[in-house]
Amino acid sequence: MLKVDRREVDAATVIAVEGEVDLYSSPQMREALLAAIKAGSARVVVDLTGVSYMDSSGIATLVEALGGLREKGRALVLAGLRPRVREVFEIAKLQTVFTLAESVDAALADG
Amino acid sequence: MNAAPPPDGICLVFRSSPRMLCVVRAAVRQFLAQASFDEGLTERVTLAIDESCTNVIRHGYQGCEDGLMELTLGIAERSGRSRQLEIRLADEACKAPSEAMKAPAPSAPTTPGGLGLHFIHEVMDEVCFDENVERGNVLILRLGCPEAAEPNDGARASSGSDQGPGGSSC
């Protein structure tokens, strides 16, 4: 089961995701991302420290959120990717498309 | 359907529900660990299998959750210490066109669609349908695995995790 928590930190929204993101669980992450887009934060940070696996549906969800935020001149940062999850982004050739940060603190500090 | 698992292989039969994917992944990881695949290759093969199952659920059964799926994994010994992992995924959905599993054309990374298929082709050496099947579909995935580890060889199991995508050592 995927655990998704959302909190506001100054002008940013931090969405912490924990578990495995796949076809079954990715709608949960999508719902949180769409809510963050709607809320209007200047920066959305997705904390992936607790994500041990992500498939193409998870990647597609993040790509959709990236498009939605950039369209509004806002930023999406992915923080704390584990090596296995980072490798999936590399296979998808998306590691340079997203802004990646080592941690949530680093993602917020850069804002 | 109802294929007997190969010697030392496994066969899983499950419904086409997305809730089953984590169960399938857990079984696949356990099987590959038992076969001394390193962690990196185990995760890449698990991803390829997960994406194949996802394709059947989404496109074959079109979200209907009571379709049957049968996943078979086996490892064939080849010459020397070389091995080949063979994965067969059978379903009873409508016949898919043979080009449905062909490698997608290169596109912009953020273009939607085809990402799962891209993952499967990046990880596996061969991806094709069994053309001799009359009803449903049987997808075959193969991966050559040179330098087979001795059973329960802990040193091998922890090495090689820095291989790039498509690497075939195990």
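Which residues on the other side of α1(A) are exposed? I looked there to start, and they are A:A35 and A:K38.

**Ground rules.** I am working with a predicted model, in which local features need pLDDT of at least 70, side-chain atom pairs count only at pLDDT 80 or more, and totals for chains, interfaces and linings use all residues. Residues are numbered from 1 along each chain as its sequence is written, while chains are lettered from A and ligands numbered from 1 in the order in which they are written. Helices (H or I, at least four residues) and strands (E, at least two) are DSSP runs, numbered from the N terminus.

**Entry 1: helix α1 of chain A.** I found that α1(A) covers residues 26–39, 14 residues in total. From first C-alpha to last it reaches 20 Å, close to the 20 Å expected at 1.5 Å a residue; that expected span is 1.5 Å times one less than the number of residues. I listed its buried residues as A:S26, A:M29, A:A32, A:L33 and A:A36. Seen down the axis of α1(A), they fall within an arc of 125°, so they line one face of the helix. The arc is taken from the directions from the helix axis to the C-beta atoms. A handy reminder: an α-helix has 3.6 residues a turn, so residues three or four places apart point the same way. I then checked what covers those buried residues, and the cover includes β1 (3–9), β2 (12–21), β3 (43–54) and α2 (56–71) of chain A. After the helix comes A:G40, with a positive phi near 90°.

**Entry 2: strands β2 and β3 of chain A.** I saw that β2(A) and β3(A) run parallel and are joined by 9 bridges; strands pair if DSSP finds at least two bridges between them. A:V14 stands opposite A:V45 in β3(A). In β3(A), 9 of the 12 residues are buried, so the strand is largely enclosed by the rest of the structure.

**Entry 3: A:L81.** I located A:L81 in the loop between β4 (75–79) and α3 (83–91) of chain A. Is A:L81 buried or exposed? It counts as buried because it has 22 C-beta neighbours inside 10 Å. Leaving aside neighbours within four places in sequence, A:L81 is in contact (C-beta atoms, placed from the backbone, within 7 Å) with A:L48, A:R86 and A:L100. I also noted A:E102, which is 21 residues from A:L81 in sequence and 7.3 Å away in space, C-alpha to C-alpha.

**Entry 4: chain B.** I counted 4 helices and 5 strands in chain B, in the order β-α-α-β-β-α-β-β-α from the N terminus. Buried residues make up 35% of its 170 residues.

**Entry 5: where the chains meet.** I found 18 residues of chain B in contact with 17 residues of chain A. On the chain B side, α1 (21–34), α2 and α3 (115–123) each supply at least two residues, and α2(B) gives the most, with 6.

Entry 6: I looked up B:A48 and, not counting residues up to four places away in sequence, B:A48 touches B:F119, B:I120, B:V123, B:M124 and B:L141.

Conventions. Buried ≥ 20, exposed ≤ 12 C-beta atoms within 10 Å, placed from the backbone. Contact = placed C-beta atoms within 7 Å.
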